[in-house]
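Hello,

Here is the structure you are taking over. Please open it alongside this message and follow the notes below.

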Amino acid sequence: MRLVLRFFGFLFALGTLALLVGAAGATYFVWKYSQDLPDYTQLQNYEPPVMTRVHAGDGSLVAEYARQKRLYVPIQSVPKLVVEAFLSAEDKNFYEHGGIDPTGIFRAGMFYLQNLGTSRRPQGASTITQQVAKNFLLTNEVSIDRKIKEALLALRIERTYSKDRILELYLNEIYLGSGSYGIAAAALTYFDKSVEDLNIQQAAYLAALPKAPSSYNPYRNTDRAIERRNWVIDRMAENGYITAAQAEMAKKSPLEVTPRPTGAHIFAAEYYAEEVRRQIYERYGETKLYEGGLSVRTALDPRLQSIAKKTLMDGLIRFDEQRGWRGPVTKIEFAGDWGPKLAEAKTFYDIPWKLAVVLDAGKDTARIGLQPPKDRSGGISSARDVGLINLDGVKWARWVKGPDAGRAVSSVSQVLKTGDVIYVEAIPGKDGQYRLHQIPEIEGAITVMEPRTGRVLAMVGGFSYDESQFNRATQALRQPGSSFKPIVYSAALDNGYTPSTVVLDAPIEIDQGPGLGVWAPENYAKKFYGPQTLRFGLEQSRNVMTVRLAQDIGMPLIADYAKRFGVYDDMLPVLSMSLGAGETTLMRMVGAYAIIANGGRKVTPSLIDRVQDRYGHTIFRHDERECRGCDATSWQNQPEPTLLDRRPVVLDAMSTYQITAMMEGVIQRGTGTALKDLGRPVAGKSGTTNDEKDAWFIAFTPDMVVGMYLGYDRPRAMGKGSTGGVLTAPIVRDFMKSALGDKPAVPFRVPPGIKLVRINPKTGLRAGPGEASILEGFKPGTAPPDSYSVIGTTDASIGVTPEADRAVRSGTGGLY
């Protein structure tokens, strides 16, 4: 008996010793691997890269910028269904284990032993907590060391953070394919839905992705994706999250992946979105733009943007087609199936046309094959669509060069040959019939601004963003020509001149100094009209009058006003600049006109209304006007809220009204009569440069400023008569007609102090009974007397103001 007791005592001692040695070994083992474990406490302040989102003024999504597409969603906002789907797919015992799941490890081990020697992949046994440890703190290295560190970190994370916090980190960090990180971004990418709108099968598909996103791609591996999704649905039913009936119905549903459209393409706002991206980059840097999770609210009006794009395109196409057909995009040789070769041709996706190849052409028709689209997997569709182009569809075409240049088209085969790759547009109401198009060589831009705030409501920087990302509204430096003249006349009105001040319109020679010779400025029509009022000079865009006026005022003063208006930063004070010889941008010019429309107060053009950081804190706001009384919590008979506008005054309010009234005359009697059709108060000014290389028109109402520029990217003559009043004014008119629609006409506000006097517009004198007359605004003490005589003539029928003797004797020019 004693021997038995001694034997058991020996075994106990041996076991105790082994246990102590094992404990010591385990302690050392844990200590050893704990030495270089990452600091898991950093998860407390985890700030993942989150994409910046750009919204239009109505809240519509315009663009997203990110290195990792991610929207961070707190666990409280994640629907229970989505949580249950991921737990079923990845870690059904998540809320029971302490970081490591022994049951899962045993199950994975048994699976491995059962399938030893087969090609079946072993099951994973990592818990969600272990995946968090690996994704956040470790590498993807496949080794025993990493698995041990992963397990140790999981245990520590479980002791430090709540289950909900761990799950929140996991659901926002995991990669789910197609560039999407986290469930919120994936829900938008695959289903164009927010997380809370996902149904059973959609939640199950997202939960199927973490294991191998590329293997379950919905386009390339549809069958495998559905199989994996259905497996997740079965696990959800097995765990009691959904009923068997719900599971069967969900499994029978197709995958129904809905590619998410891009906002910038929807609103034709590619140029706008890129300008916003550039400004955010310059203001906050690259990291903040692509990882900072900024929420950017822009001034973009999607409706106006779409109208602006269409009217600009129509104007450019109209001008280009009047210059003739330049030939096909390219030519291809084909025998049999023409689809693959045509699919290789580069096309622009932001224009409403399709590429096509001419299959055969005759006298009256040409048969064309349309470029086959690509399917979702990236392959070329097997469908082949064909159509016809009739003679009417090519009538506009005539040849730019060669012996047939300028000849009218009498046969389709004159224009199109077999193998020609061309752009075509479907003719509405005529199924299968198309019209020939070509990408215009001419370019242009249009900008729409709200004058009170400077908010840029719409901006199109060219015909096609896919063709050229160069933004002609903000980046193209061009001569504004006569569209700069309102700045000169504003400076005059602000310094003692009146709309009835007379300037001599007569030949003049100007000595430009040593080596520059003598220059004689001319009017566009090569005619002179004698003594004329400032109003006439602006309405009819007289160069010589403007040069004389500029010399009388002094170019340094005009340069100062040009800087105040934001047209130039440092204008050279030479007389040619008074005719718009200096280069500036369309955005700056529209901003200058907005100041006039805003009653003379400074306006800063802005595409961005507000920027918020990832926490919703406003870090930038464009409108800095103070609102008195806007913080009231209830109505207690207090005064209405008021906006305090402390922006600097650029132009006196009465001077502003005078120049506005003169520019209304441009529309009624001058170079902008194309806009008379609008039937509402509109002011504006045209601009044309030497040899008709640039054509401008900028117009405004009390609520909107619209500016447009047209010209070749490499400046060259557009042709005789290609003036701002002829080319760009009709485009601006078309835009305003669609944009303003049935909105009531709003008159320009008459500021206090202005005296309205009925005058003869030709002489600037008070109008007598029965005379043609207009109401002219005068500042106190400047109203004209009843009659004057022209200095140097005895013809009493010609009346002018006393300023007639101030005719300027020198100047420069060449711009109209």
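Two rings of Phe, Tyr or Trp form an aromatic pair if their centres lie within 6.5 Å. By that rule this structure, a predicted model, holds 17 aromatic pairs. One of them is Y190 with Y205. Their ring centres are 5.6 Å apart. The ring planes stand at 85°. Planes over 60 degrees apart count as edge-to-face, so this pair is edge-to-face. Y190 sits in helix α7 (residues 183–191) and Y205 in helix α8 (residues 200–208). The pair therefore ties together parts that are 15 residues apart in sequence.

Start with α14 (residues 302–322) and α23 (residues 724–740). Their axes come within 9 Å and cross at roughly 150°. Angles over 145 degrees count as roughly antiparallel, so that is the label for α14 and α23. The crossing of α14 and α23 is right-handed. On the α14 side, the contact is made by R303, L304, I307, A308, T311, L312, G315, R318 and F319. On the α23 side, L727, I731, D734, F735, S738 and A739 take part. What is the make-up of the α14 contact with α23 in nonpolar, polar and charged residues? It divides into 9 nonpolar, 3 polar and 3 charged.

Now α17 (residues 485–493) and α22 (residues 653–669). These axes also come within 9 Å, with a crossing angle of roughly 140°. α17 and α22 are therefore oblique to each other. α17 passes α22 in a right-handed crossing. From α17, the residues in contact are P486, Y489, S490 and L493. They meet S655, Q658, I659, M662 and M663 of α22. The residues of this contact divide into 6 nonpolar, 3 polar and no charged.

Two single residues are also worth a look.

R165 is in helix α6 (residues 163–173). Which residues does R165 touch, not counting those up to four places away in sequence? They are L43, Q44, Y46 and Y72. With Y72 there is also a polar contact: the two side chains are joined at 3.4 Å.

T287 is in helix α13 (residues 286–291). T287 and A66 are 221 residues apart in sequence. In space, C-alpha to C-alpha, they are 9.4 Å apart. Setting aside neighbours within four places in sequence, T287 is in contact with R67 and G292.

That is the handover.

Best wishes

How values were computed. Residues numbered from 1 in each chain as written. Predicted model: local features only at pLDDT ≥ 70, side-chain atom pairs only at ≥ 80, totals over all residues. Heavy atoms only, no water. Axes fitted to C-alpha atoms, helices over the stretch in contact; angles between N-to-C directions. Helix = DSSP H or I, 4+ residues; strand = E, 2+ residues; numbered from the N terminus. Parallel < 35°, antiparallel > 145°, perpendicular 65-115°, else oblique. Left-handed = near helix turned anticlockwise from the far one by under 90°. Contact = heavy atoms within 4.5 Å. Nonpolar A, V, L, I, M, F, W, Y, C, P; charged D, E, K, R; others polar. Polar contact = N/O pair within 3.5 Å; in protein donor to acceptor, adjacent residues only side chain to side chain. Phe/Tyr/Trp six-rings, centres within 6.5 Å; stacked < 30°, edge-to-face > 60°.
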